[in-house]
Amino acid sequence: MDLGPLNICEEMTILHGGFLLAEQLFHPKALAELTKSDWERVGRPIVEALREISSAAAHSQPFAWKKKALIIIWAKVLQPHPVTPSDTETRWQEDLFFSVGNMIPTINHTILFELLKSLEASGLFIQLLMALPTTICHAELERFLEHVTVDTSAEDVAFFLDVWWERTTPRRCLQPCIWTNWPR
């Protein structure tokens with residue numbers, strides 16, 4: 001998936017600010033501990049940062065930036081931090097997301113799924129799922145289903161149905177192996 005040039009300093013600064021505000025609101029806990037019930041109180045700065053970036057008049061392609069931001073956030077969830085200093089020495093050279101990913105604190109899947117739901121990004125969610133290797137895709141689908149079934153709200157059901165609609169819409173050429181265990 002081509003991210004284009006990552007000359008997004010201003011946008012990442014705004015997104016970083018959203019995460020910093022969310023961290024302050026959730027203090028003394030870390031964002032990696034966030035639960036679904038905490039999202040309403042903590043998620044607003046992150047959502048507002050993404051909306052600000054996407055609606056900026058200088059942006060000719062707001063959807064493209066939203067997609068880049070969600071890719072960066074999902075990459076952060078999948079690979080939060082290097083474990084040792086030697087990992088850092090190689091990752092900055094090999095990892096496309098290293099510099100921008102380090103601007104985002106360690107987060108969990110709750111933040112990712114709630115952000116996707118808040119942005120009404122079911123189509124983008126499916127598109128990004130299709131880009132993942134099959135085993136990771138299956139694991140992410142399981143996490144999504146687990147997330148939706150905990151403290152389920154009307155918004156959760158609506159988002160799940162939107163994702164389901166995107167999954168079943170014939171205009172998409174879906175990889176059949178991704179959906180092997182997906183409920184029909």
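Contact here means heavy atoms within 4.5 Å. Keep that in mind as you click around. This is a predicted model, where local features need pLDDT of at least 70 and side-chain atom pairs count only at pLDDT 80 or more, while totals for chains, interfaces and linings use all residues. Residues are numbered from 1 along each chain as its sequence is written, and side-chain values use heavy atoms, with hydrogens and water left out.

**Stop 1: Phe19**

Select Phe19, which sits in helix H1 (residues 9-26). Helices are DSSP runs of H or I with at least four residues, numbered from the N terminus. Is Phe19 buried or exposed? Its relative accessibility is 0%, so Phe19 counts as buried; the cut-off is under 20% relative accessible area, with a 1.4 Å probe and protein chains only. Show what surrounds Phe19: apart from neighbours within four places in sequence, it is in contact with Leu31, Ile46, Ile73, Ile104, Pro105, Ile107 and Ile111. Now pick Gly43, which is 24 residues from Phe19 along the chain, with 8.6 Å between their C-alpha atoms.

**Stop 2: Glu140**

Jump to Glu140 in helix H9 (residues 134-149). Glu140 is buried too, at a relative accessible area of 0%. Which side chain does the Glu140 side chain meet in a polar contact? Trp74, at 2.7 Å. (A polar contact is a pair of N or O atoms within 3.5 Å; within protein, one must be able to donate a hydrogen and the other to accept it, and residues adjacent in sequence count only if both atoms are side-chain atoms.) Beyond four places in sequence, Glu140 is in contact with Trp74, Leu78, His109, Leu112, Phe113, Leu129 and Leu132.

**Stop 3: H9 against H10**

Axes are lines fitted to C-alpha atoms, for helices over the stretch in contact, and angles run from 0 to 180 degrees between N-to-C directions. To see the contact, select Phe144, Leu145 and Val148 of H9 with Asp156, Phe159, Phe160 and Val163 of H10.

**Stop 4: H8 against H10**

Keep H10 and bring up helix H8 (residues 122-131); their axes come within 8 Å and cross at roughly 55 degrees. H8 and H10 are therefore oblique to each other. Select Ser122, Gly123, Phe125 and Ile126 of H8, then Phe159, Asp162, Val163, Glu166 and Arg167 of H10, to show the contact.

Terms used
Helices (H or I, at least four residues) and strands (E, at least two) are DSSP runs, numbered from the N terminus. Buried means under 20% relative accessible area, exposed over 50%, partly exposed in between (1.4 Å probe, protein chains only). Angles under 35 degrees count as roughly parallel, over 145 as roughly antiparallel, 65 to 115 as roughly perpendicular and the rest as oblique.
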